[in-house]
Amino acid sequence: MAASKLGRWVPLLVFAGLAVLLAAGVWLSRNPNREALPSPLIGKPAPAFELPVLHEPGRLATLEELKGAPFVLNVWGSWCVSCRAEHPVLTKFAESKRVRVIGYNWKDEHADAVRWLEEFGNPFWMVLVDYEGRYAIDWGIYGAPETYLVDAGGIIRWKHVGPLTDAVVAGELLPALAKVEAAAEAQR
Amino acid sequence: MNATVSRVLFALVLGLSFAPAPSHAQAGSDPAPLVFGDRAEERRFQALVSELRCVMCQNQSLADSDAQIAHDLRREILDLMHEGRSDTEIQQFLVARYGEFVLYRPRVESKTWLLWFGPLLLLLVGGYVVLRVVRLHAGRGPLPKLPPDGDDGQEW
């Protein structure tokens, strides 16, 4: 008798379980940027590269020469609509001069890239050029815009996929940068 | 006979409508198609990329995707094959850069145990529940005899 009384609750319990699962699914999908892949490179050394510099013909820049201070690497292209959207945010961040902001001009045309920067302003300390996309694969880049924070030792500390917003800068990039700076300070 | 023919026709039409899009749909957007050394290499390549997920358009395999990054990755994979890397090494190459996500078949490790063995667990739990229900009913013995006056079904 007790068992069958308990049995009566089974369908309700099953339903409650399903409802909890559903609620969890809805809760987990609240992040509008949920399709962004977490980078396995966080906490790992940034991949070495040797890339031309947009405004200095003939010069090749390497990761080694950028080490010694943290930098932000922003992947963009003149064809990329969201890059245009994040440009004011990135410019405002770069103008704070707290850290070098380096452009990674990906899958673009030289003339288009130069024109884009002339039209909208150039927030970058330096613009690297990867039109073949060879080093982009090493960095795990799969679209634009993407933004990395690399510390003074050349370790990738943070990555954001998709356009930067004021909220992302204030809520993620600046705290990550503060941590990187604090760690560098402690080592000194 | 007639029914069989129409059934076969129906199956054909259905099959055709689900057939992959013709390959020329790709050609225009791929500036330089990949060149394979021989058929065996092409087969190995196709088998490899169909097991890899495109990172940009996340519901397509790397083989099917037309995204720019998918072109680049396919080229990179072919280059790695030419360098003599094994399939496992190539998968490892991509996982190191883009994460486990690129594998359609996640590797069996502690954090994927639930994924791999969850269905089995559910099956066991379901089987146990079914067993309990059957036992419960069996324990009650035979159904009570119907009253002799023969108004069976009336209470329904």
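Begin by selecting strand E6(A), where A:Glu146, A:Tyr148 and A:Val150 point one way while A:Thr147 and A:Leu149 point the other way, and all are buried. Here a residue is buried if 20 or more other C-beta atoms, placed from the backbone, lie within 10 Å of its own, exposed if 12 or fewer do, and partly exposed in between. In a regular strand the side chains alternate between the two faces of the sheet. Because five of the five residues of E6(A), which covers residues 146–150, are buried, the strand is largely enclosed by the rest of the structure. Helices (H or I, at least four residues) and strands (E, at least two) are DSSP runs, numbered from the N terminus.

Before going on, note that this is a predicted model, in which local features need pLDDT of at least 70 and side-chain atom pairs count only at pLDDT 80 or more, whereas totals for chains, interfaces and linings use all residues. Residues are numbered from 1 along each chain as its sequence is written, and chains are lettered from A and ligands numbered from 1 in the order in which they are written.

Strand E3 of chain A (residues 71–76) pairs with E6(A) in the antiparallel sense over five bridges, and A:Phe71 stands opposite A:Val150. Strand E7 of chain A (residues 156–161) also pairs with E6(A) in the antiparallel sense, over five bridges, with A:Tyr148 opposite A:Lys159. In the hairpin of E6(A) and E7(A), five residues lie between the strands, and A:Gly154 takes a positive phi near 85°.

Next, select the residues that touch the most other members of the largest nonpolar core, which has 54 residues: A:Phe71, A:Val72, A:Leu73, A:Val101, A:Ile102, A:Leu149 and A:Val150. Such a core is a set of buried Ala, Val, Leu, Ile, Met, Phe, Trp, Tyr and Cys residues joined through C-beta atoms within 7 Å. Which residues does A:Val101 touch, not counting those up to four places away in sequence? Among them are A:Val72, A:Leu90, A:Phe93 and A:Trp125, where contact requires C-beta atoms, placed from the backbone, within 7 Å.

Move to chain B, which has six helices and zero strands. Of its 156 residues, 13% count as buried. An automatic or database domain assignment supplies the bounds that divide chain B into domain 1 (29–107) and domain 2 (113–140), and the C-alpha centres of these two domains lie 40 Å apart.

Then show where the chains meet: the contact takes 14 residues from chain B and 13 residues from chain A. On the side of chain B that touches chain A, helix H4 (68–82) and helix H5 (87–98) are the elements that give two or more residues, and H4(B) supplies the largest share, five residues.

Where pLDDT is low, the predicted coordinates should not be read in detail.

Notes:
Contact = placed C-beta atoms within 7 Å. Pairing = 2+ DSSP bridges.
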